[in-house]
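Here is a short tour for anyone meeting this structure for the first time. Have a look at the sequence and the model, and then we'll walk through a few spots together.

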Amino acid sequence: MEDAVGMAWIHLALAGVAEVVFVVGMKLSRGFERPAWVAVAAVFLLTSVGLLTLVAKALPISVAYPIWTAAGIFGSAIVGALAFGEAMSMPKLVGLTLIVAGVASLRVAA
């Protein structure tokens, strides 16, 4: 069982990365105008959800889903700032910090 839980955390991390790639693909698809990016977004969405489904077998969904969601939020905000020049204001940084703190508390509770 220990191995299953360890793999679940790895799968959860990969699901979070796939979620961010999905969001970037959506952005680059320009509202479904660029089919190749739509395909990238679709593949990574299915990958992310598929991995989350595997994770749910070993971890409580009350822990797995919020962490998956937070990974998407945090990763998307970072990529948005670095790759797309989106503003990283103090309120946004505070919000992201609170998300990370909340997720850290879930990890400890798991």
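Does Arg30 count as buried or exposed? Keep in mind as you look that this is a predicted model. With a relative accessibility of 55%, Arg30 counts as exposed, because the cut-off for that word is over 50%. You'll find Arg30 in the loop between helix 1 and helix 2. Its backbone is worth a glance too: phi of Arg30 is near 55°, which is a positive value in a residue other than glycine.

Phe32 also lies in the loop between helix 1 and helix 2. Phi is positive here as well, near 70°, and Phe32 is likewise a residue other than glycine. At 69% relative accessibility, Phe32 counts as exposed.

Now for another phenylalanine. Phe22 is found in helix 1, and at 14% relative accessibility it counts as buried. Leaving aside neighbours within four places in sequence, Phe22 is in contact with Ala41, Phe44 and Leu45.

| Residue | Relative accessibility | Class |
|---|---|---|
| Arg30 | 55% | exposed |
| Phe32 | 69% | exposed |
| Phe22 | 14% | buried |

Next, the helices on either side of that loop. Two packed helices are described by the angle between their axes and the distance between the axes. Helix 1 covers residues 2-29 and helix 2 covers residues 35-58; they pack at an angle of about 160°, and their axes are 7 Å apart. Angles over 145 degrees count as roughly antiparallel, so helix 1 and helix 2 are roughly antiparallel to each other. Their crossing is left-handed. What kinds of residues make up the contact of helix 1 with helix 2? They divide into 22 nonpolar, 5 polar and 1 charged.

Finally, let's turn to the nonpolar core. The largest one has 15 residues, and Trp9, Leu12, Leu59 and Ile67 touch the most other members. Helix 1, helix 2 and helix 3 (61-84) each supply at least two residues of this core. Which helix gives the most to the core? That's helix 3, with 5 residues.

How values were computed: Residues are numbered from 1 along each chain as its sequence is written. This is a predicted model: local features need pLDDT of at least 70, side-chain atom pairs count only at pLDDT 80 or more; totals for chains, interfaces and linings use all residues. Side-chain values use heavy atoms; hydrogens and water are left out. Axes are lines fitted to C-alpha atoms, for helices over the stretch in contact, and angles run from 0 to 180 degrees between N-to-C directions. Helices (H or I, at least four residues) and strands (E, at least two) are DSSP runs, numbered from the N terminus. Angles under 35 degrees count as roughly parallel, over 145 as roughly antiparallel, 65 to 115 as roughly perpendicular and the rest as oblique. A crossing is left-handed if the near helix is turned anticlockwise from the far one by less than a right angle, and right-handed if clockwise. Ala, Val, Leu, Ile, Met, Phe, Trp, Tyr, Cys and Pro count as nonpolar, Asp, Glu, Lys and Arg as charged, and the others, Gly among them, as polar. A nonpolar core is a set of buried Ala, Val, Leu, Ile, Met, Phe, Trp, Tyr and Cys residues joined through side-chain atoms within 4.5 Å. Buried means under 20% relative accessible area, exposed over 50%, partly exposed in between (1.4 Å probe, protein chains only). Contact means heavy atoms within 4.5 Å.
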